[in-house]
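Please read this report with the model open beside you, and look up each part as it is named. The headings follow the topics in turn.

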Amino acid sequence: MSRSSIAARSPLGLLALSVLALGAARSPESEKHTLQSGGRERSYRLYVPTRIATGAPAALVLVFHGGRGDGAGMERLTGFDAIADRDGFLVAYPDGVGRQWNDGRDVAEFQTTRDRVDDVAFVSELIDEIARRHPVDSKRVFATGISNGAIFSHYLGARLASRIAAIAPIAGGIAEPYRPRFRPERPVSVLMMNGSDDPLVPYRGGPVGGTHGRVLGADESAALWAAADQCSKDPKTDTLPDSDPKDGCRVKRELWPGGREGTEVQLYRFDGGGHTWPGGPQYLPKLVIGAVCRDVDATPVIWAFFRAHPRA
């Protein structure tokens, strides 16, 4: 099936085309690598900043694309490379099998579900592979992503809690079928960003894109993590400054501090926000994906959260 026919069928297909187009102008400094995992060749892009200290263990940020996207598109969309240059950490942009992540939704049409692709094992092997190339600080391995990549970040954080210090899912909750098995073996700090008007992954939970499985709502997902981390039961709430009145968004934040091993959970609710990367490009019309909120620039906020929450 052609890319144009995919786009004609669903908003998720249109989103994929847009993210792929963003990837066409990717940074030339990142390098594509492959490794064998689960009997198949897997690929990823790795950005090594110019200011990284030789021989010193560096933090590693794993950035996961949305459904039908790829790592190159996420590199362009998020702008993590520039912050990595400034602060000296590694950034990996992996590629999913069939441009999807096996995130716990059990969607039959996804190749990752049909082939039982073990993406958690792949990520664990990827961390090891990168550590063979460059010294990686095992206490500072983090994961973020959008949409399918966000749902997978929840899934990965819960199932690979022994290796992931913190996660930052954008526009995605915990997969509903995974809810009964949600028992992270260690506490994980969590930063969530969700738009109240997301037309593809509903803020309150439910069907994704109409037919692509189901997720828990943002509030329920955050509460599950807060309980697992044994954070304070009563979150602190504040409203962030409306730094861009023209974007039609306001940002409310809930914080659950005091978790085990110094963890905490944060939930940013973008009232009026859509299925977008806050502060990023309006890569499709608002009618399709909703609005981009510009009161928060997600990438530096995510890195600041990661930097403050290494493994104890």
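## Strand E3 and its two partners

Strand E3 (residues 58–64) runs parallel to strand E4 (residues 90–94), and three bridges join the two; here helices (H or I, at least four residues) and strands (E, at least two) are DSSP runs, numbered from the N terminus, and two strands pair if DSSP finds at least two bridges between them. Along this pairing, Leu 60 stands opposite Leu 90 in E4, and Val 61 has Val 91 as its bridge partner in E4. E3 also pairs with strand E5 (residues 136–146), again in the parallel sense, over six bridges.

This is a predicted model, in which local features need pLDDT of at least 70 and side-chain atom pairs count only at pLDDT 80 or more, while totals for chains, interfaces and linings use all residues. Residues are numbered from 1 along each chain as its sequence is written, and side-chain values use heavy atoms, with hydrogens and water left out.

Is E3 mostly covered or mostly open? Seven of its seven residues are buried, where buried means under 20% relative accessible area, exposed means over 50%, and partly exposed lies in between, using a 1.4 Å probe and protein chains only. Val 63, which is found in strand E3, is buried with a relative accessible area of 0%, and its bridge partner in E5 is Thr 144. The C-alpha atoms of Val 63 and Gly 149 are separated by 7.8 Å, although these residues are 86 residues apart along the chain. As a general point, the side chains in a regular strand alternate between the two faces of the sheet.

## The sheet as a whole

E3 belongs to an open sheet of 10 strands with mixed pairing, whose order is E1-E2-E4-E3-E5-E6-E7-E12-E11-E10. Strand E1 (31–37) and E10 stand at the edges with a single partner strand each, so one side of each is left without a neighbour in the sheet. From one strand to the next, the twist averages 20°, an angle taken between axes that are lines fitted to C-alpha atoms, for helices over the stretch in contact, and running from 0 to 180 degrees between N-to-C directions.

Towards the E10 end of the order, E10 and E11 pair in the antiparallel sense over four bridges, and Thr 237 stands opposite Glu 254 in E11. E11 pairs in turn with strand E12 (residues 265–271), in the antiparallel sense and over seven bridges, and Arg 250 has Asp 271 as its bridge partner in E12.

## Two arginines with positive phi

Arg 68 lies in the loop between E3 and helix H3 (71–78), and its phi is near 70°, a positive value in a residue other than glycine. Arg 68 counts as partly exposed, at 32% relative accessibility.

Arg 99 has its place in the loop between E4 and helix H5 (111–114). The phi of Arg 99 is near 60°, also a positive value in a residue other than glycine, and Arg 99 is partly exposed, with a relative accessible area of 28%.

## One disulfide

How many disulfides does a search of the whole structure find? The search finds one, a disulfide being a pair of cysteine sulfur atoms within 2.5 Å. Cys 249 and Cys 293 form this link, with their sulfur atoms 2.1 Å apart, and with -80° about the S-S bond the link is left-handed. Cys 249 lies in the loop between strand E10 (236–239) and strand E11 (250–256), while Cys 293 lies in the loop between helix H9 (286–289) and helix H10 (298–308), so the pair ties together parts that are 44 residues apart in sequence.

Cys 249 is buried, with a relative accessible area of 2%, and Cys 293 likewise counts as buried at 2% relative accessibility. Another cysteine, Cys 231, counts as buried at 10% relative accessibility.

## A cavity and its lining

There is one cavity of 30 Å³ or more, where a cavity is a set of points, on a 1 Å grid over the protein atoms alone, at which a 1.4 Å probe fits but cannot get out, and lining residues have an atom within 4 Å of a point. The largest cavity has a volume of about 70 Å³, a volume being the space filled by probe spheres set on the points, with grid points joined across faces, edges and corners.

Of the 13 residues that line the largest cavity, the closest to its centre are Gly 195, Phe 270, Gly 274, Thr 276 and Pro 278. Strand E7 (residues 189–195) gives the largest share of the lining, three residues. By class, the lining has eight nonpolar, five polar and no charged residues, with Ala, Val, Leu, Ile, Met, Phe, Trp, Tyr, Cys and Pro counted as nonpolar, Asp, Glu, Lys and Arg as charged, and the others, Gly among them, as polar.

Notes: 1 Å grid on protein atoms, 1.4 Å probe; cavity = no way out; pocket = protein on both sides within 12 Å on 5 of 7 lines; lining within 4 Å.
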